[in-house]
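Please read it beside the sequence and the model.

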Amino acid sequence: MLLSGQTAVVTGASRGIGAATAKALARHGAAVAVNYFKSPEAAKAVVDEIVTSGGKAVAVRADVRDEAEVQAMATEVGKSLGPVDTLVLNASIGFPVVPFLEFRWEDFEAKLVGELRSAFLCCKAFVPGMVERGGGSVIAISSGLSRHPGQGFCAHSTAKSGLDAFVKSLALELGPSGIRVNVVAPGLTLTDATAWLSQEAKDATARSTPLGRVAVPEDVAGAVVFLASDEARFVTGTYLPTSGGVQML
Ligand SMILES: NC(=O)c1ccc[n+]([C@@H]2O[C@H](COP(=O)([O-])OP(=O)(O)OC[C@H]3O[C@@H](n4cnc5c(N)ncnc54)[C@H](OP(=O)(O)O)[C@@H]3O)[C@@H](O)[C@H]2O)c1
């Protein structure tokens, strides 16, 4: 139990990496706000699983790109769970996977703005409370593609590298307030977001992965638990790949 007595918010926690992260944080004793956008049933299932296992969780709807909805979420979480110690910026902002020459600016812009706006708004909503209490942890789920390009992924790479820079800036500015800000950078992880990839492509990634397989959401969740915990008390501004060794820094 690394997180007894703590409270965490996980954006985009109805499915995939966010759902696994919410459950892992709860297993370690945190009360968890499970943010969702369009999947209330899936969010309820995550909450039910946590509560059935003896944990504490609530589902909170908000489009994390919308300022009023993010503020309303912060108010709701404050009322139901109290002050927040850990904020996980995980919600997946969609994008088309197409070559640059076919990319429309509108789609590129929507990914860039959505990724950065959601991180900005959520930090604006939850970090002031951390500053007031003199501590907290923010963990942004970036991507290995923020540092290495992938065919068709120019919007995702650009948006996530912006997120990485945002994290480092906040780590610098918020360190004196006892707030740690870090990146977890998954490689290919089996979720709905990667279901469109062929089995052949997944197998090829597994073969080129030193640990011999692609990730499941729980692999990423473990890194988040570590960064949220006091075991990572002197770790800030860092970039932690969870790619089985595909990405070595
Ligand atoms: N899967 C990978 O291979 C991989 C690799 C590197 C990085 N990542 C990153 O990991 C994170 C999670 O990805 P995933 O693969 O777990 O995605 P996923 O399985 O597709 O799940 C996406 C989650 O994001 C939520 N979401 C989407 N738009 C939202 C919005 N505007 N406001 C609030 N929530 C929103 C969804 O909620 P609803 O269903 O309720 O709408 C859902 O819970 C993302 O930041 C992604 O870029 C994933």
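## Helices on the sheet

Helix H2, residues 40-52, lies across strands S2 and S3, and runs at about 165° to S3. Helix H7, residues 217-228, also packs on the sheet, where it touches strand S1 (7-10), strand S4 (86-89), strand S5 (136-141), S6 and S7. The direction of H7 makes about 165° with that of S6. The model discussed here is a predicted one.

## The sheet

The sheet is open and consists of 7 strands in the order S3-S2-S1-S4-S5-S6-S7, with parallel pairing. Strand S3 (57-61) and strand S7 (239-242) stand at its edges, and each has a single partner strand, so one side of each is left without a neighbour in the sheet. Direction ignored, neighbouring strands of this sheet are turned against each other by 20° on average.

At the S7 edge, the pairing with strand S6 (residues 179-186) is parallel and extends over 4 bridges. Within this part of the sheet, Ala-185 stands opposite Pro-241 in S7.

## Helix H1 and its two partners

Two packed helices are described by the angle between their axes and the distance between the axes. For H1 and H7, the axes come within 8 Å and cross at roughly 50°, which makes H1 oblique to H7. H1 passes H7 in a right-handed crossing. On the H1 side the contact is made by Gly-16, Ile-17, Ala-19, Ala-20, Thr-21, Ala-24 and Leu-25, and on the H7 side by Pro-217, Glu-218, Val-220, Ala-221, Gly-222, Val-224, Val-225 and Ala-228. Sorted by class, the residues of this contact of H1 with H7 are 11 nonpolar, 3 polar and 1 charged.

For H1 and H2, the axes come within 10 Å and cross at roughly 20°; these two helices are therefore roughly parallel to each other. The crossing of H1 and H2 is right-handed. Here Ala-19, Ala-22, Lys-23 and Ala-26 in H1 meet Val-46, Glu-49 and Ile-50 in H2, and the contact of H1 with H2 divides into 5 nonpolar, no polar and 2 charged residues.

Helix H3 (residues 67-81) and helix H4 (residues 105-133) pack at an angle of about 30°, with their axes 9 Å apart. H3 and H4 are therefore roughly parallel to each other, and H3 passes H4 in a right-handed crossing. The contact is made by Glu-67, Val-70, Gln-71 and Ala-74 of H3, together with Leu-121, Cys-122, Ala-125 and Phe-126 of H4. By class, the residues of the contact of H3 with H4 divide into 6 nonpolar, 1 polar and 1 charged.

## Surroundings of the ligand

The ligand is surrounded by 28 residues, the closest of which are Gly-12, Gly-16, Phe-37, Ser-39 and Thr-191. The elements that give two or more residues to this shell are helix H1 (16-27) and strand S2 (31-36). The largest share of the shell, 3 residues, comes from H1. By class, the shell around the ligand has 10 nonpolar, 13 polar and 5 charged residues.

Methods
Residues numbered from 1 in each chain as written. Predicted model: local features only at pLDDT ≥ 70, side-chain atom pairs only at ≥ 80, totals over all residues. Near = placed C-beta within 6 Å. Nonpolar A, V, L, I, M, F, W, Y, C, P; charged D, E, K, R; others polar. Axes fitted to C-alpha atoms, helices over the stretch in contact; angles between N-to-C directions. Parallel < 35°, antiparallel > 145°, perpendicular 65-115°, else oblique. Left-handed = near helix turned anticlockwise from the far one by under 90°. Contact = placed C-beta atoms within 7 Å. Pairing = 2+ DSSP bridges.
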